[in-house]
Amino acid sequence: MWSQQSQSVNARQSSGGSFKRGLISSEMGGPSAKKIGNVLTNNVRLRQLAVMTLIPYLRPKLFPKQRDFVFDSTTLYVPEEQYIGENVEEFKICKKQFENLAGFWKQSISRFLRNYDDGFLVRLTKDGYIPQGVKALEVAHRSEFIRFLEILTSQKSNKEMYFHKGNVSYPVDSKQDQLDSTAYIRAGFAKSIVITGENAAVTMSINTQFCSFYRTLPILTLVFNMHKEFKNGVSTNSIDEADKCLRENSEFLRIVRKDEFITLEGHSITVAEYFYKVYNITLHHPRMLLITGNLFGKESVFPMEVLKIAQYQIKHSMSIKDKKKYNEAIELFSAPESYMRDVASVISDPLELNNSSLMKAFGIEYRFNAPVISQAKLLSCPDIRIGAEVKRLQLGSSEIPQTGSFEQPATIHQAAVISFDNILSKKKVRDLAVRLEEICLEKGIKTLSTFCAHEMSAEDYMGMDRSMMGWKNQKIGIVIGIVENEKSDVYDALKYFRITKVQTILLTKETVDQILNDNTETINKVTRKINMKCGGINFLVDIPKTIDGKESALHKKLRASVQYIGIKTYQSIDMKNHRMTMIGASFNKSTSSRLSGHCYQEMHHRRKIQAIDSILFESLESYKKRSKQYPATIVLYRSICNNEDFSIVKEEVEAIRESFVVRNDAYSPSLVVLAVQEDALVRLFVPAADFKGPNTNVPPGTCIDTNIITYGYDEFILNSHTPTKGVSVPARYTILANDPSWTKNEIAHITWFMTFNNQVAYKPHAVVDVLHFAGKLAKRGTNILRFEQNITPSDSDAA
């Protein structure tokens with residue numbers, strides 16, 4: 001950053017030492033790029049984009065035509081011969097250059113600066129180009145070329161008439177489906193650009209999506225409406241009743257304060273007096289709780305009645321009524337015909353690719369004749385072994401057969417059944433304990449002692465801690481808690497106080513009633529969960545010895561001495577308003593399908609994992625302890641958000657390889673690494689001729705492993721679950737490393753087989769099992785940390 005008020009800063013920046021290298025045009029033709037220096041302010045990306053758009057117009061001699069430019073926050077692409085500058089160009093951007101444009105500097109530029117009189121020192125370097133024609137699609141250039149296309153096709157939608165949530169764009173002025181007086185549904189789109197393998201053509205897929213947003217309205221109105229909805233529309237009074245309800249809500253009390261005094265001109269006055277004297281605003285509800293928040297880095301308090309919901313703020317949770325309307329809107333896009341018509345309108349309107357001058361300037365031909373048709377296939381199903389019985393599932397099937405026994409019944413030393421907050425009478429708790437013990441015995445689960453019944457307060461955390469320690473000494477294997485509903489804080493409390501070998505499970509009052517009334521489905525689900533948590537195995541997933549009617553050696557190749565590891569990150573804000581990343585890692589410890597796992601916390605908000613060495617070490621040591629040897633092959637499934645994460649995972653792969661080089665035991669396993677996009681911006685449909693309504697689904701096991709490749713890597717798209725609508729959301733698996741040279745078909749099959757390893761629901765997951773459970777571990781770790789922060793006094797409280 002260049003400051004007119006600081007000559008030392010100006011001199012230091014002019015030396016060029018603090019700037020990144022970048023790209024700009026060259027004589028060799030094709031789209032070209034440049035980058036500007038790294039300037040530190042709060043919103044780096046938005047600030048740099050604003051600066052980039054100014055450069056061609058502030059230095060017209062460098063850009064003689066000044067027409068066709070493609071911008072992102074760090075790069076400027078220009079067609080051949082439209083940049084005639086030197087290898088390095090430096091100049092300043094400051095307020096003085098915009099004196100003829102009234103208000104432009106203040107409204108468009110200075111809002112990104114710390115000081116109104118600050119400016120920018122821009123350094124352009126002429127450093128590279130993208131080749132023309134088919135050379136742009138070569139592996140060495142694909143990454144940069146696809147990045148350029150993503151920027152170009154987003155440039156028209158990066159306007160004030162659009163707003164963005166993640167990688168999805170929503171038009172501001174579009175038809176809205178109203179949910180209620182506070183929220184509405186908007187249709188948006190996300191896009192993904194890939195290269196097809198057969199003819200090296202570029203394909204852009206458009207994924208239409210819906211999202212619920214709050215309307216622009218006062219906070220007080222929102223609180224009242226949500227309180228009324230909470231009371232099922234029978235709320236009589238309004239604000240007073242809502243305020244009383246909020247004062248009794250522990251979650252809400254974390255972000256509010258009671259009426260406080262403020263010092264103004266040396267006198268202590270109330271917040272209501274302050275707003276009247278300073279802003280001439282009379283508070284109609286001066287005794288209501290105050291919202292706390294950060295404004296320009298300082299903690300501030302605000303009366304609810306002076307705040308409004310920001311325009312287009314997303315509504316994360318919806319009531320059942322809202323979800324019904326949401327699903328009705330989605331059904332409009334369930335059929336392939338209407339979906340493709342919507343895709344066509346998205347391309348022709350927001351993206352403005354038809355007759356695009358930018359496309360022509362860079363020599364890119366645009367065609368939209370029909371969707372890409374990829375030949376899908378159904379993968380062979382695994383063998384399911386329960387006891388002596390082995391069953392092969394039919395093609396397209398997702399249901400594991402129900403039986404009255406388990407592959408390996410657990411042994412329960414003792415179980416404690418706890419009724420929290422007197423949700424059950426003492427007699428009913430004892431009856432439940434007796435019935436659960438009977439059911440376990442009927443299913444073959446061994447019990448070494450009578451199930452005991454207890455009562456406890458949900459907020460008696462010290463008693464809970466003492467009890468869990470005592471139960472560990474008594475060799476109680478599982479604690480079964482009874483609560484009012486699934487949202488009870490008891491779940492996180494039990495997980496937090498859980499000691500090794502004391503498993504926990506929560507049952508709602510409704511579930512208890514179904515068990516006591518001998519509901520078969522509920523009993524089966526509960527006992528499956530109890531058996532799994534107490535060390536049993538409900539069923540085994542085996543690789544069949546014949547696949548597609550041919551003898552196969554996959555059962556030896558993909559199981560013997562192979563460890564599968566799944567890693568998924570979960571980013572959130574903790575109770576102390578700190579950004580954090582929780583990482584879940586799940587893995588097998590032997591050839592069995594039983595999984596273990598760990599959680600890791602990183603106090604940053606990046607997607608690159610710093611704890612990769614720890615994850616690998618703990619996984620390998622667990623495998624060696626159980627199997628008496630290290631695995632010969634490691635298969636790592638790493639969850640990613642988008643294509644930009646490929647480079648991050650590649651860096652992690654290199655870090656893993658380096659960790660083996662420095663080992664003293666010369667252990668160096670083969671490595672297979674797959675980057676997994678759980679929402680791959682791909683939609684699979686039943687062919688239109690076979691479509692029989694909105695509930696017709698693509699069958700589980702549907703796989704596409706031809707045509708599409710990303711950045712030159714092999715990949716396959718797998719739909720492993722049963723969708724609830726006519727459009728399935730598959731996962732994309734991209735193979736970033738493959739030391740043993742397994743075929744794509746082999747990797748796709750083992751991935752499909754491993755999605756069946758759900759020991760409770762008896763249906764395959766939407767993603768490979770180690771990744772599914774890694775996600776659950778990451779989310780659980782986040783909840784436990786928040787619970788700990790909630791019951792632990794903060795530094796300010798302790799003081």
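Reply: Let's start with strand S20 (residues 415-420) and strand S23 (residues 478-483), which pair in the parallel sense over 5 bridges. Keep in mind that this is a predicted model.

Me: Which residue in S23 is the bridge partner of serine 419?
Reply: That would be isoleucine 482.

Me: And what sheet are those two strands part of?
Reply: An open sheet of 4 strands, in the order S22-S20-S23-S24, with parallel pairing. At the edges are strand S22 (452-456) and strand S24 (503-508), each pairing on one side only. On average, neighbouring strands here are turned by 25° against each other, direction ignored.

Me: Which strands does H11 touch when it packs on that sheet?
Reply: H11 touches S20, S22 and S23, and its direction makes about 140° with that of S22. There is also helix H15 (residues 520-533), which lies across S23 and S24 and runs at about 165° to S24.

Me: Back to H11. At what angle does it pack with H14?
Reply: About 60°, for helix H11 (residues 426-442) and helix H14 (residues 509-516), with the axes 10 Å apart. The two are therefore oblique to each other. Their crossing is left-handed.

Me: Which residues meet there?
Reply: From H11 you have Lys428, Asp431, Leu432, Arg435, Leu436 and Ile439, and they meet Lys509, Val512, Asp513, Ile515 and Leu516 in H14. The residues of this contact divide into 6 nonpolar, no polar and 5 charged.

Me: Why do residues three or four places apart in an α-helix point the same way?
Reply: An α-helix has 3.6 residues a turn, so residues with that spacing face the same way.

Me: New topic: how many residues of H13 are buried?
Reply: 6 of the 8 residues in helix H13 (residues 490-497) are buried, so the helix is largely enclosed by the rest of the structure. The buried residues are Val490, Asp492, Ala493, Leu494, Lys495 and Phe497.

Me: What covers them?
Reply: The cover includes S20, S23 and S24 from the strands, plus helix H12 (461-473), H15 and helix H20 (769-791).

Me: How about S29, how many of its residues are buried?
Reply: 9 of the 10 residues of strand S29 (residues 579-588) are buried, so this strand is largely enclosed by the rest of the structure.

Me: Which strands does it pair with?
Reply: Strand S28 (residues 562-573) pairs with S29 in the antiparallel sense over 9 bridges. In that pair, glutamine 571 has threonine 581 in S29 as its bridge partner. S29 is also joined by 8 bridges to strand S30 (residues 595-602), again running antiparallel. There, phenylalanine 587 has serine 596 in S30 as its bridge partner.

Me: How many bridges join S17 to S25?
Reply: 3 bridges join strand S17 (residues 383-386) to S25, and the two run antiparallel. Aspartate 383 stands opposite aspartate 542 in S25.

Note on methods:
Residues are numbered from 1 along each chain as its sequence is written. This is a predicted model: local features need pLDDT of at least 70, side-chain atom pairs count only at pLDDT 80 or more; totals for chains, interfaces and linings use all residues. Side-chain values use heavy atoms; hydrogens and water are left out. Axes are lines fitted to C-alpha atoms, for helices over the stretch in contact, and angles run from 0 to 180 degrees between N-to-C directions. Angles under 35 degrees count as roughly parallel, over 145 as roughly antiparallel, 65 to 115 as roughly perpendicular and the rest as oblique. A crossing is left-handed if the near helix is turned anticlockwise from the far one by less than a right angle, and right-handed if clockwise. Contact means heavy atoms within 4.5 Å. Ala, Val, Leu, Ile, Met, Phe, Trp, Tyr, Cys and Pro count as nonpolar, Asp, Glu, Lys and Arg as charged, and the others, Gly among them, as polar. Buried means under 20% relative accessible area, exposed over 50%, partly exposed in between (1.4 Å probe, protein chains only). Two strands pair if DSSP finds at least two bridges between them.
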